[in-house]
Amino acid sequence: MYTSARTSAVISSKRLRSPICRSNSQNSEYDVEAAAGERTPLLFTAKISDVESPDDRRYRHLQSAQATALFGILALVLFLLVGIIIAVYLLLLQVPRPWPVSHPFYLVERQMWWPYSEPLQAPPLNKFSVLNVILLHTRSEPCRDQSGCTEYVKQVQNDTWTRTGVHIPYNFLVGGDGKTYEGRGWKAQHGFPELPGRNDTIVVGIIGTYNDRRPEAVMYAEVKALLTESIRRFYLAPSYKLYGVVNGSQPENDGKALYVELQHFKHWRGLINV
């Protein structure tokens with residue numbers, strides 16, 4: 001009986017196959033270990049190549065340190081840029097404006113009316129920000145639109161060149177359409193020999209004759225916009241002085257209606273006799 005039971009156990013064990021044994025395995029008994037040279041993921045979970053060497057560890061640490069340093073540099077640069085932007089913004093806020101401006105500044109640049117291929121030639125201003133502004137009327141017919149005002153500016157240029165051999169004497173002119181027309185601009189000396197301050201003054205002509213009749217309200221608004229824009233571009237000192245002109249050879253009321261309103265401007269300093 002004992003012999004029979006043992007025989008049955010041996011026969012049963014021959015029928016078992018190891019779960020890690022290949023189908024062509026020659027082992028007829030239950031395998032506890034894998035055969036020689038056989039991979040067993042359950043027993044070998046790491047490869048020899050996965051073991052990190054000291055050099056690999058140092059290289060990985062060096063890469064991590066470089067990434068951290070680069071991030072720190074970028075953060076510092078960004079912080080400096082934000083600081084510069086904030087500083088410039090605060091500086092601009094401190095620049096005093098002569099008044100709140102609701103009328104937009106509209107500049108008709110010189111190339112829109114300039115009749116020549118060569119650029120305007122005029123002595124440059126030595127001072128970047130001028131200190132004085134002189135306003136005077138042109139003693140002409142007013143202009144009502146950009147076409148008419150452009151034609152008038154061309155006429156002034158032609159007449160001045162024919163008579164004196166120099167270009168348009170005004171730095172800017174303001175038309176009845178509420179626009180500013182660039183003459184010599186912000187960087188050149190004005191062309192009036194009888195007016196003072198050639199190197200620290202810009203001259204603005206108000207197109208029309210205003211002895212008894214005031215200019216249109218839009219023209220005063222454009223003058224304010226021009227002055228504010230000049231300060232914003234740092235071509236005009238915030239503490240500038242504003243003057244008018246009285247010509248002794250003209251009638252007693254020469255430009256009187258123009259200066260009635262200008263006298264209420266904050267920077268007004270009076271009339272210049274020529």
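How much space lies in the largest pocket? About 480 Å³ of space lies there. The legends below describe this pocket and other parts of the structure. The structure is a predicted model, in which local features need pLDDT of at least 70, side-chain atom pairs count only at pLDDT 80 or more, and totals for chains, interfaces and linings use all residues. Residues are numbered from 1 along each chain as its sequence is written, and side-chain values use heavy atoms, with hydrogens and water left out.

**View 1. The protein chain holds 5 helices and 7 strands.** Helices (H or I, at least four residues) and strands (E, at least two) are DSSP runs, numbered from the N terminus. Read from that end, the elements run α-α-β-β-α-β-β-β-α-β-α-β. Of the 274 residues in the chain, 36% are buried; buried means under 20% relative accessible area, exposed over 50%, and partly exposed in between (1.4 Å probe, protein chains only). The accessible surface comes to about 17700 Å², and carbon and sulfur atoms hold 57% of that surface. Accessible areas come from the Shrake-Rupley method with a 1.4 Å probe, and for residues only the protein chains shown count as cover.

**View 2. The largest pocket is lined by 22 residues.** A pocket is an open set of points, on a 1 Å grid over the protein atoms alone, with protein on both sides within 12 Å along at least five of seven lines; a cavity is a set of points where a 1.4 Å probe fits but cannot get out; lining residues have an atom within 4 Å of a point. Grid points are joined across faces, edges and corners, and a volume is the space filled by probe spheres set on the points. The lining residues closest to the centre of the largest pocket are Thr-160, Arg-163, Pro-169, Tyr-170 and Phe-192. By residue type, the lining has 11 nonpolar, 7 polar and 4 charged members. Here Ala, Val, Leu, Ile, Met, Phe, Trp, Tyr, Cys and Pro count as nonpolar, Asp, Glu, Lys and Arg as charged, and the others, Gly among them, as polar.

**View 3. The structure holds 1 cavity of 30 Å³ or more.** The largest cavity has a volume of about 30 Å³. Its lining consists of Leu-135, Ile-206, Pro-215, Met-219, Tyr-220, Val-223, Leu-258 and Leu-262. The elements α4 (217–232) and α5 (256–262) each give two or more residues to this lining, with α4 giving the most, 3 residues. The lining of the largest cavity has 8 nonpolar residues, no polar and no charged.

**View 4. A disulfide joins Cys-143 to Cys-149.** A disulfide is counted when a pair of cysteine sulfur atoms lies within 2.5 Å; here the S to S distance is 2.0 Å. The structure holds 1 disulfide. The link of Cys-143 and Cys-149 is right-handed, with 95° about the S-S bond. Cys-143 counts as buried because its relative accessibility is 5%, and Cys-149 is buried at 0%.

**View 5. Val-245 is found in strand β6 (residues 236–246).** Val-245 is buried, with a relative accessible area of 5%. Val-245 and Leu-136 are 109 residues apart in sequence, but their C-alpha atoms are 6.1 Å apart in space. Leaving aside neighbours within four places in sequence, Val-245 is in contact (heavy atoms within 4.5 Å) with residues including Ile-134, Leu-136, Leu-195, Asp-254 and Tyr-259.
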